[in-house]
Amino acid sequence: MKAYQLLFDKLIDINPRTGMIKFNGKRMTLVSVEALGILRRDLVNTLGSARAKGFLMRYGWACGFKDGETIEEMYQWDSKQELLLAGPYLHTLEGTATVEPDIIEFDEKSLHFTGQWGNSFEVIEHINYFGKSKDPICWILVGYASGYLTKTFGEKVVVYEEACEGKGDPHCRFVAKTVDSNDEHQQKNLRYYESETLLSELDRAYKEVQELNENIIESESVQKQLTDMLLEDKDIFDTVKVMAETLQKSIIIDYFHDKVEGFFIKNCDQLLYNKWNRSKEM
């Protein structure tokens, strides 16, 4: 079996009696690109861009790994290369993007695979909601390719975009390589595959918002306290004391050694100041 022999009508099975669609031997549902775009929008708005990226990359990885597992069992492939190339054909048949492989080099342990994606549905939907990005945004495609190649090649493979239409490049270009622990760029991308539940992501986001709200409330409280002190014409030492206790830092106001106002959180800070002051006088 060669990769180009994969045809949609041979892989799709629609049964109107049972209401089931099977593609590549697996049950599928038809989901609109617009719905996936709304999901992306809500994930980014709820979790932030970095966490949404990780969530969608892991989703894509699971899809690709499962496709690789199924397609490997379905046919007797002419070679390992044909099995690897079947991934891009599947990607195209499933409507996510057109794939044009160019370099594919591998031995028993290492893989180097590059190519271009065209008409990425992720580019269209991301730009629709967020406009052009400063970073590549084909997160599901990257995850899918990583999962598929990891399963079919038999070694851990990480894929990244070195160019993306979503950030204004003329086309999307992907690079796939077996994992190298010394490759900083790869290690940076691998962290997005660390498994976390959506609940834990939401919980972390909630805690960050809660902490931000607490900081805002504390800031308003300190601002009110300082304003009241100003209106009451409090001594500057009292003001310095409040600021130091709030910041948990020693504060010194030195009027060219004529007068010093300060409040020390730690005695060692006062010793350091005295030592510095003596050295300035010498």
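Okay, let's start with the overall fold: the protein has 10 helices and nine strands, where helices (H or I, at least four residues) and strands (E, at least two) are DSSP runs, numbered from the N terminus. This is a predicted model, where local features need pLDDT of at least 70 and side-chain atom pairs count only at pLDDT 80 or more, while totals for chains, interfaces and linings use all residues. Residues are numbered from 1 along each chain as its sequence is written, and side-chain values use heavy atoms, with hydrogens and water left out.

Of the 282 residues in the protein, 36% are buried; buried means under 20% relative accessible area, exposed over 50%, and partly exposed in between (1.4 Å probe, protein chains only). The protein exposes about 17300 Å², and carbon and sulfur atoms supply 53% of that. Those areas come from the Shrake-Rupley method with a 1.4 Å probe, and for residues only the protein chains shown count as cover. On contacts (heavy atoms within 4.5 Å): take the ones between residues at least 6 apart in sequence, and 55% of them join residues at least 24 apart.

In soluble globular proteins, nonpolar side chains tend to be buried together. Here the largest nonpolar core has 47 residues, and W117, L149 and V159 have the most contacts inside it. The biggest contribution to this core is from α6, with nine residues. By nonpolar core I mean a set of buried Ala, Val, Leu, Ile, Met, Phe, Trp, Tyr and Cys residues joined through side-chain atoms within 4.5 Å. So what does V159 touch, leaving aside its neighbours within four places in sequence? The list is W117, V142, A145, S146, L149, F174, V175 and A176.

On to empty space. Rolling a probe the size of a water molecule over the atoms shows where empty space is left. Grid points are joined across faces, edges and corners, and a volume is the space filled by probe spheres set on the points.

For the classes, Ala, Val, Leu, Ile, Met, Phe, Trp, Tyr, Cys and Pro count as nonpolar, Asp, Glu, Lys and Arg as charged, and the others, Gly among them, as polar.

The largest pocket comes in at about 700 Å³. It has 25 lining residues, and M28, T29, V31, E94 and T96 are the closest to its centre. Helix α3 gives the most to this lining, with four residues, and the lining splits into 17 nonpolar, five polar and three charged.

The second largest pocket has a volume of about 420 Å³. There, 19 residues form the lining, and K53, D135, P136, W139 and Y192 sit closest to the centre. Again α3 supplies the largest share, four residues. This lining has nine nonpolar, five polar and five charged residues.

While we're on α3, look at S49, which lies in that helix (residues 49-74). S49 counts as partly exposed because its relative accessibility is 44%. Beyond four places in sequence, S49 touches V44 and W139. S49 and I137 are 88 residues apart in sequence, yet 9.8 Å apart C-alpha to C-alpha.

Last stop, around α5 (residues 121-130). F121, E122, V123, E125 and H126 are buried in that helix, and their cover includes α2 (33-47), α6 and β7. Just after α5, G131 takes a positive phi of about 75 degrees. Most residues other than glycine have a negative phi. N119 isn't a glycine, but has a positive phi of about 55 degrees. N119 sits in the loop between β5 and α5, and with a relative accessible area of 63%, N119 is exposed.

How values were computed: On a 1 Å grid over the protein atoms alone, a cavity is a set of points where a 1.4 Å probe fits but cannot get out, and a pocket is an open set with protein on both sides within 12 Å along at least five of seven lines; lining residues have an atom within 4 Å of a point.
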